Amino acid sequence: MRIDTIITNARITTLDPARPHAHSAGVLHGRIVGFDEELDGVTADARHDLGGAPVVPGFNDAHLHFSMLGKEMTQLDLSAEAAPTLDALYRRVEEWAAAKPEGAWVIGNGYDQNKIGEHPTRQVLDRIAGGRPVYLVHTSNHMAVANTEAFRRAGHPDPDVVVAPPGGSVVFRDGVSTGLLQEQAMTLVSHVLKPVPQEELVAALEAASAWALRHGLTSVTEPGIGGRLIGHGPADARAFQTAYERGNVHTRVTAMPFIDAVHDLGRVDDGLDGWGLDLGLRSGIGDEWFRLGPVKIVSDGSLIGRTAAMCCDYRDSPGNRGFLLAEAEALRENILRGHENGWQIATHAIGDHALDVVLGAYEEAQKRLPRPDARHRIEHVGVASDEQVARIVSAGVIPVPQGRFISALGDGFLAALGADRVDRAYRMRSFVEAGVELPGSTDAPVVPGEPLISIHDMVNRRSASGAPIAPGEALTPAQALRAYTIGSAHAVHEESRKGALRRGNLADLTVLSDDLLQVAPERIRELEIRATMVGGVFGYDAEGELAPS
């Protein structure tokens with residue numbers, strides 16, 4: 001028998017209990033066909049000797065804004081690493097603006113007022129931008145600062161009289177707009193930046209895929225396309241199709257249509273009013289490269305932005321409990337409609353008040369129309385009590401917390417919640433010990449998306465300053481690896497073809513510099529990606545040593 005590829009001399013962790021470890025693997029038509037002795041007498045078009053390197057199933061990020069990640073690679077980086085102070089941020093904006101053509105938009109992203117002291121202001125941006133429109137997006141992507149020219153381009157000649165839409169806030173100081181737009185208010189300006197031209201979006205997808213290969217990431221779930229608040233325009237899926245047709249995207253994507261991309265379909269069955277995409281499309285349609293996943297709903301805002309809907313005041317912001325982005329009844333109705341129309345539902349809920357609202361709707365939906373294995377999700381679960389954890393487990397809901405948030409945003413969690421409540425932040429072990437198949441994710445580009453660093457944070461749970469963040473919620477390396485492979489596949493009903501390396505599954509794997517399960521936990525972030533295989537093809541090879549032999 002002759003197959004396409006055999007990799008040999010490897011230390012393969014398969015995550016398949018029937019065969020946990022192997023040294024060789026064979027690939028035919030992009031899928032695993034055998035291991036070790038099963039390959040005796042088998043020849044192959046290509047053989048790759050991995051020199052004893054450790055191999056794990058390809059990493060899978062269950063919540064990564066793939067297209068946004070690629071798009072932000074072309075914009076001004078205002079992360080704390082690039083602009084550690086507010087003055088440094090202003091200098092970068094001024095220099096970036098000066099290099100742009102007259103009248104061109106200046107778009108930056110990634111600033112965090114928790115790290116630089118305060119938000120930038122419209123008034124300073126007016127002075128330094130040379131008359132150009134400026135739009136700076138917060139690292140959470142739940143707020144942004146616009147200057148006067150940006151407001152004017154968006155149809156608001158006087159920012160001081162702008163009124164926020166429901167679910168949003170325009171921040172004023174002494175009756176004067178600072179330019180800060182929170183949540184739904186971002187659309188007051190962002191609408192003029194959409195739709196993103198198709199060629200620009202295709203280029204972003206190609207850049208994101210190249211980045212993913214370098215970091216061992218073979219699959220992602222894109223949490224929001226096609227919407228007004230999240231997404232780049234009504235033809236987002238078309239850009240993905242074009243990118244795959246051109247052969248320059250080698251990352252498997254499960255995409256969530258955003259809530260305002262779905263709509264009423266009229267009566268589609270006896271007693272059922274349809275709700276979804278045109279032709280009745282819903283979760284699950286697609287192929288092994290691009291498919292539709294859950295419908296994405298957003299219930300509240302950001303923990304570090306102090307807009308997540310909480311049960312009680314933020315520790316450092318007395319009187320502020322955040323807010324829901326839509327009325328509780330509207331959230332309930334959307335969840336019920338999605339459930340009865342067969343959608344998997346993924347609802348962003350960070351604050352514990354928002355979590356109660358969403359859980360109540362999920363519980364009601366299943367009571368009214370039981371759907372076995374619906375796998376509705378709650379994205380983030382930023383703050384959860386023991387009682388709420390138990391409700392999530394009992395309801396069969398999948399929590400999707402972000403490991404990378406621990407180091408990148410953990411100090412902000414401490415400031416927002418205080419030491420007495422931070423143990424409720426981004427819980428993981430509580431879910432795993434209750435039997436939940438926990439996924440792994442980062443929410444990149446809200447924070448950097450490297451899977452190994454996210455796994456490190458899931459295990460070590462320390463903030464950038466070294467403060468422990470709910471250390472009782474730390475996972476073992478084996479649990480974190482399972483989350484980033486099997487768990488993320490399970491979260492979108494894809495565990496039958498990815499997540500573990502077994503016969504018949506996709507040949508997606510990651511080659512590491514050392515054994516993730518054997519190194520000291522504090523060294524996990526130091527591991528390197530040696531190579532990434534997707535569909536039996538090495539799309540990334542750090543050393544250039546994997547030419548077929």
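A search of the whole structure finds zero disulfides. This is a predicted model, in which local features need pLDDT of at least 70 and side-chain atom pairs pLDDT 80 or more, while totals for chains, interfaces and linings use all residues. Residues are numbered from 1 along each chain as its sequence is written, and side-chain values use heavy atoms, with hydrogens and water left out.

Q: What makes Cys-312 partly exposed?
A: Buried means under 20% relative accessible area and exposed over 50%, with partly exposed in between (1.4 Å probe, protein chains only). Cys-312 has 24%, so it is partly exposed. Cys-311, with 41%, is also partly exposed.

Q: Why is strand E14 described as largely enclosed by the rest of the structure?
A: Strands (E, at least two residues) and helices (H or I, at least four) are DSSP runs, numbered from the N terminus. In E14, residues 176-183, seven of the eight residues are buried, so the strand is largely enclosed.

Q: How do you know that E12 and E14 pair?
A: Pairing requires that DSSP finds at least two bridges between two strands. Three bridges join E12 (residues 143-146) to E14, and the two run antiparallel. Here Met-143 stands opposite Gln-182.

Q: What makes E13 a partner of E14?
A: E13 (residues 168-173) pairs with E14 over five bridges, in the antiparallel sense. Ser-169 stands opposite Gln-182. In the hairpin of E13 and E14, with two residues between the strands, Asp-174 takes a positive phi near 55°.

Q: What makes a residue part of the lining of the largest pocket?
A: On a 1 Å grid over the protein atoms alone, a pocket is an open set of points where a 1.4 Å probe fits, with protein on both sides within 12 Å along at least five of seven lines; lining residues have an atom within 4 Å of a point. For the largest pocket 43 residues line it, and Met-68, Glu-72, Val-137, Asn-141 and Met-186 lie nearest its centre. Helix H1 (66-72), strand E11 (134-138), strand E20 (295-298) and helix H12 (405-417) each give two or more residues to this lining.

How values were computed: A disulfide is a pair of cysteine sulfur atoms within 2.5 Å.
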